[in-house]
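Hi,

Here is the structure I said I would pass on. Have a look at it first, and my notes follow below.

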Amino acid sequence: MAELVEVVVGVIGRTHGVRGEVTVDLRTDEPDLRFAPGRRLRAEDTSREFTVASVRAHVGRLLVTFEELTDRAAAEALRGTRLVADVPASERPAGAGEFYDRQLVGLRVLTVGGSEVGQVGAVLHLPQQDVLEIETRAGARLVPFVEALVPVVDLEHGSLTVIELKGLLADDDSPL
């Protein structure tokens, strides 16, 4: 059996209507896969499970009905609950050059010249673009996750390459 990892896929938001339908703030780039009818999700840090009954888009939001939530009060009580799914650890996004956060966090960070300068500590999803938080000897550094700055991601060898740009990974006057 393949090893599974737990990933956060959404957060239950406001109720919509009186029959338990809720908005979901997505934490996944694959809502069609993670919120497909019949899919079972779990409340983070609990064993409480929810089965997706239906999903629809409404005014730029995802509205989800779970079989276990049949009224507004039950749905409102779960507002703020983080939903998780168990996915195979080997699963990869369909698009070339796309990665899951869990694949990037912990990678060694190398310069184009091959020097190791740190490790990816987190992936931040900002409105304009994704940003890697890289832990270096000089402290945490934020690097936009764009091909011009991060030309190589090598999951097989557990590393990614960042270009050597003055001030990017170290203060202007300190060496990498």
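One thing to start with: does Arg42 count as buried or exposed? Keep in mind that this is a predicted model. Arg42 comes out as buried, at 15% relative accessibility. Its salt-bridge partner is Asp86, with the closest N and O atoms 3.0 Å apart. Since Arg42 sits in strand 3 and Asp86 in strand 6, the pair ties together parts that are 44 residues apart in sequence. Asp86 itself is partly exposed, at 35% relative accessible area. Glu6 joins in too: Glu6, Arg42 and Asp86 are linked in a network of salt bridges.

The salt bridges come to 11 by count. Another one is between the side chains of Arg56 and Glu21 (3.0 Å, N to O). That pair also links distant parts of the chain, with Arg56 in strand 4 and Glu21 in strand 2, 35 residues apart. Here Glu21 is buried at 11% relative accessible area, while Arg56 is partly exposed at 38%. Then there is Arg40 with Glu49, at 2.6 Å from N to O. Arg40 is partly exposed at 42%, and Glu49 is partly exposed at 36%.

Now the cores. The largest nonpolar core has 19 residues, and Val9, Phe35, Leu41, Phe50, Val64, Phe66 and Leu83 have the most contacts inside it. Strands 1, 2, 3, 4, 5 and 6 each supply at least two of its residues. A second, separate core of 15 residues includes Leu107, Val117, Ile134 and Leu149. Back in the largest core, Phe50 touches residues including Arg40, Leu41, Phe66 and Leu83.

Cheers

How values were computed:
Residues are numbered from 1 along each chain as its sequence is written. This is a predicted model: local features need pLDDT of at least 70, side-chain atom pairs count only at pLDDT 80 or more; totals for chains, interfaces and linings use all residues. Side-chain values use heavy atoms; hydrogens and water are left out. A nonpolar core is a set of buried Ala, Val, Leu, Ile, Met, Phe, Trp, Tyr and Cys residues joined through side-chain atoms within 4.5 Å. Buried means under 20% relative accessible area, exposed over 50%, partly exposed in between (1.4 Å probe, protein chains only). Helices (H or I, at least four residues) and strands (E, at least two) are DSSP runs, numbered from the N terminus. Contact means heavy atoms within 4.5 Å. A salt bridge is a side-chain nitrogen of Lys or Arg within 4 Å of a carboxyl oxygen of Asp or Glu. Lists of a residue's contacts leave out its neighbours within four places in sequence.
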